[in-house]
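Please find below a colleague's note on the structure under review. It is set out as numbered points for reading beside the model.

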Amino acid sequence: MARDMNWWDLTGNTMRVGLFVPCYIDAFFPRVGIATLELLERFDLDVDYPFDQTCCGQPMANSGCQAEAAATERLFVANFRDYDYVVCPSGSCVHHVRSKFDAIEQTPDVTAVRSKTFELVEFLHDILKVEAFPWASFPHKVGLHNGCGSLRGLHHARPSELNEPFFSKPLDLLQKVDGIEFVTPTRPDECCGFGGTFSVFEEAVSVKMGQDKVADHTKAGADYIVSADTSCLMHQQGCAERDGSKMKFIHIAEVLNGARQ
Amino acid sequence: MSSRDTILNAVRANRPAPVDLPDVPLFGEGRDDDLLGRFFTAFKLMGGTVLELGDGDPVAPLRARLGSAGVVVSRVPEIAGTRDLDLTLPPSSLADVDIAIVRAAFGVAETGSIALSERELGVNTLAYLAQHLIVLLDPADIVINLHHAYRRPEFARSRYLVFHTGPSATADIEGVLIHGAQGVRSLSILPLPRE
Amino acid sequence: MNETPHSPGEARPRAAREAQPKGAADPGKGRVDHAEAAKRFIAAPEHLKFHDERLWDIRMKRDRQMHAIPEWEELRRLASAIKDHTLSHLDTYLEQFEAAAKANGVHVHWAKDGAEHNAIVLGLLRDHGAKTLIKSKSMLTEECGMRQALVEAGIEITETDLGERIQQLDAEAPSHIVMPAVHKLRRDVSDVFARTLGTEQGNDDIHYLAESQRMTTRPLILEADAGMTGGNFIIAETGAVVVCTNEGNADLSANTPKLHIVSVGIEKLLPRTSDLGVFIRLLSRSALGSPITQYTSHFRSPRAGAEMHIVLVDNGRSTRLGMPEFWTSLKCIRCGACMNTCPVYRRSGGLSYGFTYAGPIGLVIDPTFDKHKFSSLPFASTLNGSCTNVCPVKINLHEQIYAWRAVMAENHELPFAKKTAMAAAGALLASPRLFRAAIATADQALLSLPRFAQYNALNAWGKGRENPRGAGQTFHAWWAKNRAGKAKAAAPGKQPS
């Protein structure tokens with residue numbers, strides 16, 4: 001998995017990072033991609049964006065359509081095999097690549113790409129081991145939303161169901177941001193109901209879950225919901241706007257990159 | 001082929017690769033102090049009532065409690081009932097019992113449970129058809145937790161053995177706790193050593 | 001007390017009241033439509049709110065119990081390993097159990113399927129001249145459709161668990177494996193009891209309702225010809241059957257009549273009495289957030305003058321044992337923790353799943369009973385994984401739900417529109433050129449990106465949510481303009497060294 005910190009320094013080479021900007025972010029939330037890129041560039045990394053990227057294959061695979069996911073997965077590997085790390089500001093996509101990316105033959109290229117693909121928070125926390133974000137200040141009340149793929153798939157934090165010592169990588173990072181204030185909803189780990197295709201196949205339940213999630217954060221006093229998962233934010237924002245809620249939504253990359261809002 | 005053989009053959013054909021059986025630790029270290037206190041705490045949480053021993057005559061408060069009761073069946077020598085338990089009558093004949101008094105085989109501190117078998121009950125329905133159940137428990141008979149409990153010899157020799165942890169309870173309507181759903185309405189414990 | 005009972009279709013005195021949502025429609029030869037039933041459950045906000053909050057409260061109680069046990073995760077590992085071991089040696093443990101039970105004077109029967117199980121039970125009742133049967137709650141007898149089969153054969157059955165009794169009197173299936181009537185409000189119960197037990201119309205005092213049930217059930221218990229229980233665990237070493245209840249109703253059912261019949265699935269085996277320490281510690285803490293059920297009963301041998309019969313039921317279990325991705329679902333101890341924590345279950349109600357087993361465990365095992373009928377159930381999940389984490393025997397529930405989706409696709413069980421949409425999405429996302437053309441503008445992206453949404457003419461995304469707004473340009477276009485071809489972009493600020 002992760003190599004020792006700063007191994008690239010010893011060789012004099014700069015770490016080559018391939019930026020994976022998933023389809024939703026590309027089309028609807030380019031600012032999340034830009035914030036991720038700018039944030040990574042602050043750490044002297046050689047960040048590149050392979051131009052032919054599209055998707056990780058998750059929408060098809062999550063619907064059971066493995067055969068239909070295969071070509072997209074193959075394209076992903078072709079795009080990212082030449083980097084030291086692949087970094088992506090979306091937990092569920094990384095969870096797909098790392099844990100479920102098996103519509104294609106597991107060649108050495110495939111397994112290598114799978115093991116070097118990181119979600120942004122874990123890349124900052126575990127690989128770069130970032131100590132400070134001196135440019136960042138976010139003097140707002142925020143509720144943290146851990147997407148389920150990040151929380152239980154990538155182990156961003158200790159989920160509330162387990163009797164294990166508490167830890168939270170996104171909280172560790174956000175706590176280094178000046179002026180930020182956290183509020184805690186009553187059900188911090190409850191899924192917000194996006195669930196990929198679930199959001200349309202089970203539209204009624206999905207929307208109800210999204211409404212409940214936003215209401216829980218509102219009741220806790222949050223001005224912003226912050227998350228490492230753009231798809232969760234897109235869904236929650238869609239629910240909030242329909243309900244006339246004043247809740248604001250921001251990706252953790254934007255906060256860590258110094259967004260003031 | 002009999003259904004028995006059909007099932008066993010299918011199981012044999014389909015069983016997964018063998019997995020070892022782990023040893024189960026007793027998890028009792030550091031938890032063997034104040035077993036009676038631990039027992040009572042857990043027992044009360046489950047809706048049980050603790051009876052106080054009287055000064056001088058330890059069962060005096062219990063006797064006073066029985067004063068106004070109707071049919072009392074006692075299975076313990078320490079206190080008399082109003083009716084002897086006739087082991088030849090059908091189990092349903094105990095439907096009019098108000099209070100039953102028995103002694104627990106042992107207790108479990110972790111959960112506040114007491115163990116009863118046919119040896120203590122005489123007729124098993126006594127512990128369910130009575131309106132109220134009073135149990136004498138020797139504090140020396142309390143084990144640390146369920147792991148210790150399941151090492152007790154009673155499991156191999158009893159036809160019927162039951163843990164009672166508080167009275168009959170239900171929360172099947174809107175989560176509201178009701179005691180006396182089908183069985184006893186109350187379960188009380190008197191911590192009286194065996195004679 | 002009771003004047004004219006109301007038939008279900010009749011207008012009720014308080015007309016504006018929210019009716020209890022009914023479950024999934026019988027699909028005949030089609031698929032159970034969970035989404036449709038869930039939508040109706042959500043349209044009943046009082047029922048929905050109570051259901052969600054009640055089950056979440058139990059999840060919180062479960063968490064508190066968990067935190068009071070330092071060795072909790074170790075217990076889960078042990079429980080999982082003991083079950084793995086037992087299932088991988090199930091044939092020998094079944095034989096050991098049968099021998100031990102017979103040595104205890106217990107009669108052992110084997111049933112390949114539900115029909116054979118029901119026939120064995122009916123045969124036993126007829127042999128003993130039994131016309132009335134009292135029983136404790138058993139999901140296995142629900143799975144086998146036993147009640148209906150026996151009633152048709154002239155047997156009078158009384159469920160003695162309060163929740164299960166409510167459901168029996170309302171002619172409705174249990175909606176939760178531990179709390180069968182958890183989807184009902186007190187006034188729903190009041191209506192059912194007024195109609196069937198003759199309680200006071202409109203009196204929905206819970207103590208009154210529970211007491212009425214006790215008083216009306218007890219005479220049936222005292223006079224029953226036979227009693228029946230399920231089994232939470234059966235022990236190979238001793239031949240014992242272990243039953244956990246809070247009401248003591250299994251003890252009444254087993255100990256009052258002269259005949260005690262146990263129905264139990266072959267997967268409920270444990271090797272040793274000492275294994276129970278692990279499972280009893282986990283069961284009620286996981287199920288209800290209480291340290292133990294009020295009654296944990298061990299039936300090893302019939303009491304003097306009585307008979308005890310055990311029916312070991314397969315009904316698809318031996319087949320499931322041979323399914324590499326799904327056999328560990330046989331480890332399930334039916335605690336219901338996965339249902340309580342499931343955000344979809346809490347908002348859709350157990351009846352929306354259309355079978356005895358609802359929630360995450362239902363999504364995993366229901367398709368083993370009928371792949372086509374339950375083919376849409378694995379999609380009634382966000383794959384959030386909370387179920388897996390609360391499972392006391394560590395069944396990887398959300399991974400099995402995911403695996404079922406692929407099985408359904410391979411078996412051509414996806415609706416045509418979904419399959420077509422996925423093929424189109426797969427083709428689009430595999431081609432950078434087509435993909436770029438499709439999302440060149442945000443408006444275009446909305447039409448093509450959530451491709452899966454487009455097969456649905458009703459615009460399922462936009463019904464309850466706003467669409468994401470267009471962003472002017474895609475990240476791809478931004479990169480082309482700001483970064484591509486440039487040496488190294490000037491970074492906005494550097495990490496302090």
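1. Basis. This is a predicted model, in which local features need pLDDT of at least 70 and side-chain atom pairs count only at pLDDT 80 or more, while totals for chains, interfaces and linings use all residues. Residues are numbered from 1 along each chain as its sequence is written, chains are lettered from A and ligands numbered from 1 in the order in which they are written, and side-chain values use heavy atoms, with hydrogens and water left out.

2. Cysteines. A:Cys56 is buried, at 1% relative accessible area, and A:Cys191 is buried at 7% (buried means under 20% relative accessible area, exposed over 50%, partly exposed in between, with a 1.4 Å probe and protein chains only).

3. Positive phi. B:Asp34 is not a glycine, yet its phi is positive, near 45°. B:Asp34 sits in the loop between helices H1 (3-14) and H2 (35-45) of chain B and is exposed, at 54% relative accessibility. Helices (H or I, at least four residues) and strands (E, at least two) are DSSP runs, numbered from the N terminus. C:His412, also not a glycine, has a positive phi of about 55°; C:His412 is exposed at 69%.

4. Helix H12 (residues 203-220) of chain A packs against helix H1 (residues 34-42) of chain C at about 45°, with the axes 8 Å apart. Axes are lines fitted to C-alpha atoms, for helices over the stretch in contact, and angles run from 0 to 180 degrees between N-to-C directions. A:Ala204, A:Val205 and A:Lys208 of H12(A) meet C:Ala38, C:Lys39 and C:Ile42 of H1(C), where contact means heavy atoms within 4.5 Å.

5. Sheet in chain B. Five strands form an open, parallel sheet in the order E1-E11-E6-E3-E2; two strands pair if DSSP finds at least two bridges between them. The edge strands, E1 (49-50) and E2 (72-74), each pair on one side only. E2(B) pairs with E3 (residues 99-103) of chain B over 3 bridges, and B:Val72 has B:Ile99 in E3(B) as its bridge partner.
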